[in-house]
Amino acid sequence: MSEETPVLRIHQTRSRANPGGMDVRKIIGEDVLPFRSRKPSWFKVPRPGSATYRELSKTIADEGLHTVCKEAACPNIGDCWDRGTATFMILGDTCTRRCGFCNVKTGKPTWNDPLEPLRVARSVARMNLRHAVITSVDRDDLPDYGASVWCGVIRSVRMQAPHTKIECLTPDFRGEEMPLARVIAERPDVFNHNLEVAPRLYPVARRGSTWKRSLRVLRNAAEMGEGEVATKSGLMVGFGETHEELVDAFGEMRENGVQILTVGQYLRPTERHLPVVRYWAPEEFEALEKAAYDLGFEHVAAGPLVRSSYHADEHVKQDRPGVGPVAALSA
């Protein structure tokens, strides 16, 4: 009896940069930038630390709240917090998914805070925000994926800060309609669900999600909102996608009811995240913005440092005056 030849097993660490142990270079290509490569000059931003920034940081810390600004290491934190705006992250700081670009902690959530909606609303009221952005981690472990908490936050903000516009940046709720319907029934001013990357890149960047499912979420939100809820989504560049790929994606987004679009540059948070293929130049973002407006988007923000929540108060018409020339014109 002959001995069987042993099977050679190659261990590949599962990380955001190698989802499921796969070789992402087969999709994004071999030519990627090293982690510590020098960024172009247009990424230089002032270091945060103003009095307004410190005051807002203390308020959020005192309330025991989380912000996507810090959890996702957003480069605009100084600018936004100086304006007195922040994006609150509810349902804890631990996500049940492991997207290749995201710096939010992933694992088994332990969040249990029934008073969180009231505390978020109290902070929004104290900060006297004219536009509050609220997002959350994915909570695939909960029966309703966190929809009941979303509803509680919207209701609480409406009670404590009735003049504040509310923008909800939600997960996909696994594509189920009932959790989404409950959130839309609360009539937030803006419903935002980010598609994040071009369809071809979903296997490496958004493992556990699908392009068609996220499009369906946006289409359903637009239909359920019955014209009373603006729909918004965002994409990142830097993974090897082409201008043509993005414009095709814009077209699909418009066909599914998306009214507001943001496009920004992906910046690699750590070596264990997906690599950057290249940095897009400001003039390339201008071309994307023009192409999006030509497709009929109502508002487009495209630029290297643009993020979904960046100057979100400028993306819809406001009833109260804000900060900056664009805000003043839209008020």
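**Note on charged contacts in a predicted model**

1. The whole structure holds 18 salt bridges. The model is predicted. Side chains of opposite charge can pair when their charged atoms come close. The points below take up several of these pairs, then a charged patch and a recorded site.

2. Start with the pair formed by aspartate 113 and arginine 119. Their closest N and O atoms are 2.2 Å apart. Are the two residues buried or exposed? Aspartate 113 has a relative accessible area of 19%, so it counts as buried, the limit being under 20%. Arginine 119 is buried too, at 15% relative accessibility.

3. Next, aspartate 189 and arginine 158. This salt bridge has its closest N and O atoms 3.5 Å apart. It links distant parts of the chain, 31 residues apart. Aspartate 189 sits in the loop between helix 7 (177-185) and strand 5 (190-192). Arginine 158 belongs to helix 6 (residues 147-160). Both ends are partly exposed: aspartate 189 has a relative accessible area of 23%, and arginine 158 is at 28% relative accessibility.

4. The loop between helix 7 and strand 5 also supplies arginine 187. Which residue does arginine 187 pair with? Its salt-bridge partner is glutamate 226, with the closest N and O atoms 3.2 Å apart. Glutamate 226 lies in the loop between helix 9 (211-225) and strand 6 (230-237). Again distant parts of the chain are linked, here 39 residues apart. Glutamate 226 is exposed, with a relative accessible area of 60%. Arginine 187 is partly exposed, at 23%.

5. Some salt bridges share partners. They join Arg97, Asp138, Asp140, Asp172, Arg174 and Arg213 into one network.

6. Now the surface. Which residues gather there in a patch of negative charge? They are Glu244, Asp248, Glu252 and Glu255. Patch members carry no salt bridge, and each has over 30% relative accessible area. Aspartate 248 lies in helix 10 (residues 243-255). At a relative accessible area of 52%, aspartate 248 counts as exposed because the cut-off is over 50%.

7. Last, a site taken from a record. An unreviewed UniProt entry lists Cys95, Cys99 and Cys102 under "binding site". Where does cysteine 95 lie? Cysteine 95 is in the loop between strand 2 (87-90) and helix 5 (116-127). Its relative accessibility is 11%, so cysteine 95 counts as buried.

Conventions: Residues numbered from 1 in each chain as written. Predicted model: local features only at pLDDT ≥ 70, side-chain atom pairs only at ≥ 80, totals over all residues. Heavy atoms only, no water. Patch = residues over 30% accessible without salt bridge, like charges linked within 9 Å, V, L, I, M, F, W, Y side chains within 5 Å. Areas by Shrake-Rupley, 256 points an atom, 1.4 Å probe, with all protein chains shown as cover. Salt bridge = Lys/Arg side-chain N within 4 Å of Asp/Glu carboxyl O. Lys, Arg positive; Asp, Glu negative; His and termini not counted. Charge placed at Lys NZ, Arg CZ, Asp CG, Glu CD. Helix = DSSP H or I, 4+ residues; strand = E, 2+ residues; numbered from the N terminus. Buried < 20%, exposed > 50% of the residue type's maximum accessible area, 1.4 Å probe, protein only. UniProt positions renumbered as here; feature names shortened; annotations may be inferred.
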